[in-house]
Every structure is written in C-alpha cells, then in structure tokens.
Amino acid sequence: MSEEHHHGASAPDRSAGAGRPPATARDSGTPAKAAPDPRRWWALVPISLAQLMVILDGTIVNIALPSAQRDLGISDSGRQWVITAYALAFGGLLLLGGRVADLVGRRRTFLIGLIGFAAASALGGAAVEPWTLFAARALQGVFGALLAPSALSLLTTTFTEPGDRGRAFGIYGALAGGGSALGLVVGGLLTEYLNWRWSLYVNVPIALAAFLGALAFLEHRPGLPGVRLDVTGALLGCGGLLALVYGVGETELRGWASPLVLSVLSGGAVLLAAFVVRQSRGDSPLLPLRILRDRNRMGSFVTMGLATAGMFGAFLFLTYYLQAVLGYSPVKTGLAFLPMSAAIAVGAAQVAARLLPRTAPRLPMASGMVLAAAGMVVLTRLDSHSAYATHVLPALLVLGLGMGLTFMPVYATATAAVAPEDSGVTSATVTTFQQVGGSLGTVLLNGIAASAAARYVAGRSRGSGPEDPVAAEGMVHGFAVASRWSVALLLLAALVAACAVTVGAPKRSEREARA
C-alpha cells in the first residue's frame with residue numbers, strides 16, 4: 001500500500017505548509033491533487049534543528065568530560081554516567097516517546113520535547129554537584145526520546161512525493177550521520193575557548209530557534225483516536241533495553257563472567273521476551289509487531305543497528321588516538337573530524353538523495369556499508385607514527401561517504417508506507433535501533449580494544465607512565481583489533497541490506513513525470 005494512500009485517502013493533507021485545499025477539476029468534477037505548497041520546506045528547518053541537537057548531544061560532552069570531571073570532582077568510576085545516563089534514558093524510552101507522539105499529537109510532543117530538552121541542558125550547565133549533572137543528562141535523554149520520534153514522523157507525513165522525500169531525507173540523513181562528528185568539533189571549541197558548561201548551554205538557543213520555527217511552520221494535528229499507552233509494555237520494553245545496555249556497559253570493568261553482568265543481561269532478556277509476548281496479545285501495543293513483520297522495514301532497522309554498532313566506535317577510538325597518541329588539543333581533535341562531516345553531507349544530501357528516487361534503496365545502503373568497511377580497513381593499518389593526512393584523513397572521508405549513503409535511504413525506507421497511527425512508533429523504532437546499536441557497539445568495541453591493548457603491553461612495558469612507547473603501541477594495537485571487528489559488523493550490515501531490503505525503485509508521480 002502506498003504512503004500516499006495512507007496519508008491522503010481519507011482527508012485533505014494538513015501537514016506543515018500544505019494549507020491549500022485540493023483543487024476540483026472543471027470537467028469531471030473529480031478532485032485533483034494540488035501542487036504541494038513550497039512553504040512546506042520551511043517545516044524542515046525546526047525538524048532539522050531538533051534532530052541535530054539530539055544527535056549532537058550524544059558526543060558534544062565527550063571532549064568536555066575531562067574538564068567537567070575536574071570541576072565537579074567526579075570520580076573515575078563515576079564519570080561514565082555523564083554519557084551513560086543520557087544513552088540509557090534516550091534509548092530505553094524511545095518507543096514510549098513514539099507512542100506519546102501518536103497519542104497527544106506530533107507537533108505538541110515536538111514542542112514539549114524542545115522545552116524539556118532546553119531546561120535539562122540549562123540544569124546540567126549550571127550543575128555544582130556530580131549528581132545534578134547525572135540527573136540533567138538523564139532528563140535530556142527523557143525529553144530527547146520525545147523529540148526524536150516526533151521529529152522523524154513529522155518529516156514522514158510532510159514530505160510524501162518520492163522526489164521531495166529524497167531531498168528531505170537527504171538533509172535529515174546528513175544531520176543524523178554528521179551530528180555525532182560535529183559534536184566533537186563543537187565540544188572541543190566550546191571547552192577550549194569558553195568552558196565545559198557551554199557544551200550543555202549551547203542547546204538552549206538551538207531549542208529556542210526550533211521552538212519558534214515549529215510554531216510558525218508546523219501545523220497542529222490532534223492525536224490519533226484509539227491510541228492508548230501500554231504502560232506495562234513500556235515498563236517491560238524500557239526495562240529490558242536499560243538492563244541490556246547497562247549489563248554490556250559493565251562488562252568492561254567486571255568481565256562477561258561476572259555474576260552481576262550475567263544476572264542483569266539475563267533479566268534484560270527475560271523482560272524483552274515478555275515485552276514481545278505482550279505486544280503480540282495487547283489491544284494497543286507499544287510496538288505493533290506488524291511493523292517488524294514487514295521485510296523491508298525490518299531489514300532497514302537491522303542495517304541501522306549494525307551500521308551504528310560498527311561505526312560509532314570509530315569516534316571513540318580516533319578521539320583517543322588523536323589526543324593520546326598524536327598529541328592533538330581538544331579543538332584540533334574536533335576539527336580533525338570535519339572532513340567526515342562534509343563527506344556525510346555529500347553522501348546523504350547529494351549522492352543518496354539523487355539515487356533514491358531512481359534506484360532500489362538497497363543499492364546505496366549496501367554500497368555505503370562496503371565503503372564504510374573499506375574506511376575501517378584503513379584504520380586497522382594505523383600505528384603510533386601514522387600521519388593524519390596520509391592515514392586518518394582518507395579513512396574519515398570514506399567512512400563519512402559510506403555513512404551518508406546508508407543512513408538516508410535507511411530512514412526513508414523504514415518510514416515509508418506506514419499507517420498514520422503507526423508513524424510515531426515506527427520513527428521511534430528506527431532511532432531505537434540506531435541508539436541501542438551505537439551504545440552496544442561502542443561498549444563492545446571499547447572492551448575488545450582494552451583487552452587487546454592489555455595483552456599487547458603485558459610483559460613488554462619498559463616504563464610506567466603515559467610516555468611509555470609500549471603503552472602507546474598497545475593502545476594503537478587495541479584500536480586496530482577493534483577496527484577489524486568493526487569491518488565485520490559493517491560487512492554484515494551490507495549483507496543484510498542487500499538481501500533483506502527487496503523493495504524496488506519508487507514510481508514517480510504523474511506531476512514529477514511531467515516535470
């Protein structure tokens with residue numbers, strides 16, 4: 001069933017900027033489809049700002065974390081919660097956020113998410129105690145879980161023509177893929193020239209601009225009738241995801257054989273199994289299983305999860321490599337990622353956006369993952385004397401191009417032909433796979449890198465300080481080993497995209513064919 005049938009069969013289009021009623025043909029008396037209002041493109045501004053803010057916030061604090069730790073007296077064991085509190089709340093509550101958007105209305109949920117995210121960011125920037133910063137980061141995750149799915153579902157229902165979808169999702173995919181790299185740049189600049197608090201304060205003006213843009217360009221639509229919140233399902237699903245991410249996160253310190261780790265992971269598996277059973281039997285499920293039964297949509301979800309698991313670890317590895325091995329400052333480290341952001345923008349907004357209306361989406365998805373795997377292969381060749389221009393830069397460019405080629409068609413395919421009542425939860429599911437995949441991949445690959453480095457250094461170290469050349473060589477060796485695992489994950493993502501996503505090239509509308 002086409003997306004136009006879902007969104008336009010029963011009522012005139014009331015999406016952002018589409019304010020004109022359908023025209024009536026003079027001869028036949030049959031309603032004719034009106035040309036989309038060009039003003040709808042202004043709706044992309046607040047949607048894109050919100051997406052950039054949510055994605056950027058996942059990494060902008062990384063470079064500022066050492067300064068925040070010193071300023072607030074956070075212990076080494078507690079500093080991880082500045083990152084983990086956000087990831088757990090965001091990834092665990094996304095499905096619930098998507099259902100809230102369907103229940104109370106996407107624009108209203110979008111506005112609430114913006115206000116809450118800005119307030120939580122201001123609270124974190126003003127923190128004087130560690131627990132205040134932890135709580136603020138968790139609140140950012142909660143409101144981000146409202147904001148991200150409502151933004152994506154607004155984009156889905158606003159742009160329905162294949163050509164328009166390609167361009168709109170190209171911009172959205174570029175922001176989704178480049179926001180993490182851009183966060184490292186902005187975090188370095190703010191930390192070095194202002195202070196770490198501005199890595200949180202910066203969200204306030206962005207949220208304000210998006211809020212004003214949403215009031216001006218996003219038309220209010222009430223919540224869908226018959227949608228109810230499955231509170232029990234929310235507790236089961238969110239609890240299972242939280243347990244899974246937390247359990248994997250603890251493996252780096254405690255090991256896989258730890259009773260605590262095994263108990264938490266087992267509990268998470270039980271909760272997720274109970275969640276699936278409830279969704280198959282409930283009257284108003286939090287995640288309707290019909291969404292997962294669609295082969296193309298499920299293939300897009302899995303591709304996204306594997307892609308972020310394989311690639312997001314590269315940000316962490318390269319951040320440490322550039323600062324600890326090559327001696328880069330925070331600003332220089334952030335700027336070193338700019339070519340990746342540019343490559344992502346080109347891959348998504350220029351290449352994939354032009355390909356998607358003409359080709360099957362699996363082609364840019366699979367080719368993007370193969371390109372990203374090639375970039376990671378270059379990173380496996382790094383050593384403690386590698387130069388940025390000859391080793392790191394080529395890898396970043398190829399990685400960025402692959403990410404842009406992949407993310408844009410994944411978003412567009414996963415949210416295509418979705419019934420209006422499932423738009424919010426489908427959008428949330430895409431972001432859930434992205435967030436959980438990135439979190440699990442980062443933790444797993446970081447553990448692999450740390451273990452490989454420890455084995456390399458054991459028995460070889462000639463010193464005890466960070467200047468020890470063997471310690472630096474061990475760190476680089478660990479990155480190389482983890483990068484090989486990243487290559488495997490990215491190639492698996494390419495295989496899933498090629499085999500599971502079978503939808504063909506979209507048919508152009510009559511209006512586009514005439515044009």
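**Loops, cores and helix pairs**

Mentor: Gly255 sits in the loop between α10 and α11 (259–281); helices here are DSSP runs of H or I with at least four residues, strands are E runs of at least two, and both are numbered from the N terminus. This is a predicted model, where local features need pLDDT of at least 70, side-chain atom pairs count only at pLDDT 80 or more, and totals for chains, interfaces and linings use all residues. Residues are numbered from 1 along each chain as its sequence is written, and side-chain values use heavy atoms, with hydrogens and water left out.

Trainee: OK, so what does Gly255 count as in terms of accessibility?

Mentor: Partly exposed, because its relative accessibility is 23%. The cut-offs are under 20% relative accessible area for buried, over 50% for exposed and partly exposed in between, with a 1.4 Å probe and protein chains only.

Trainee: And which residues is Gly255 in contact with?

Mentor: Leaving aside neighbours within four places in sequence, Gly255 is in contact with Glu250 and Val261. Contact means heavy atoms within 4.5 Å. There's also Gly447, 192 residues apart from Gly255 along the chain, with 9.2 Å between their C-alpha atoms.

Trainee: Where is Arg221 found?

Mentor: In the loop between α9 (203–217) and α10 (231–254). Arg221 counts as partly exposed because its relative accessibility is 30%. The C-alpha atoms of Arg221 and Arg108 are separated by 8.4 Å, and the two residues are 113 apart along the chain.

Trainee: Let's zoom out. How many helices and strands does the chain have?

Mentor: The secondary structure comes to 20 helices and two strands. Buried residues make up 55% of the 515 residues in the chain. Of the contacts with a separation of 6 or more, 83% are between residues 24 or more positions apart.

Trainee: Which residues have the most contacts inside the largest nonpolar core?

Mentor: Phe110 and Met311, in a core of 95 residues. A nonpolar core here is a set of buried Ala, Val, Leu, Ile, Met, Phe, Trp, Tyr and Cys residues joined through side-chain atoms within 4.5 Å. A second, separate core has 16 residues, including Leu52, Leu72, Val82 and Leu200.

Trainee: What does Phe110 touch?

Mentor: Not counting residues up to four places away in sequence, its partners include Pro46, Ile47, Ala50, Leu147, Leu154 and Leu218.

Trainee: Now α16. How does that helix pack with α17?

Mentor: Helix α16 (residues 362–379) packs with α17 at about 155°, axes 7 Å apart. That makes the two roughly antiparallel. Among the residues that meet are Met365, Gly368 and Leu371 in α16, and Ala395, Leu399 and Gly402 in α17.

Trainee: Where do the axes of α16 and α19 come in?

Mentor: The axes of α16 and helix α19 (residues 469–500) come within 8 Å and cross at roughly 170°, so α16 and α19 are roughly antiparallel too. Met369, Ala373 and Met376 are among the α16 residues there, and Val487, Leu490 and Ala494 are among those in α19.

Trainee: Back to α17. Why is α17 described as largely enclosed?

Mentor: Because 19 of its 27 residues are buried. Tyr411 and Val430 are 19 residues apart in sequence and 7.2 Å apart in space, C-alpha to C-alpha.

Trainee: Last one: is Gln69 buried or exposed?

Mentor: Buried, because its relative accessibility is 13%. Gln69 lies in helix α3 (residues 60–72), and its C-alpha atom is 9.7 Å from that of Trp196, 127 residues apart along the chain.

Conventions:
Axes are lines fitted to C-alpha atoms, for helices over the stretch in contact, and angles run from 0 to 180 degrees between N-to-C directions. Angles under 35 degrees count as roughly parallel, over 145 as roughly antiparallel, 65 to 115 as roughly perpendicular and the rest as oblique.
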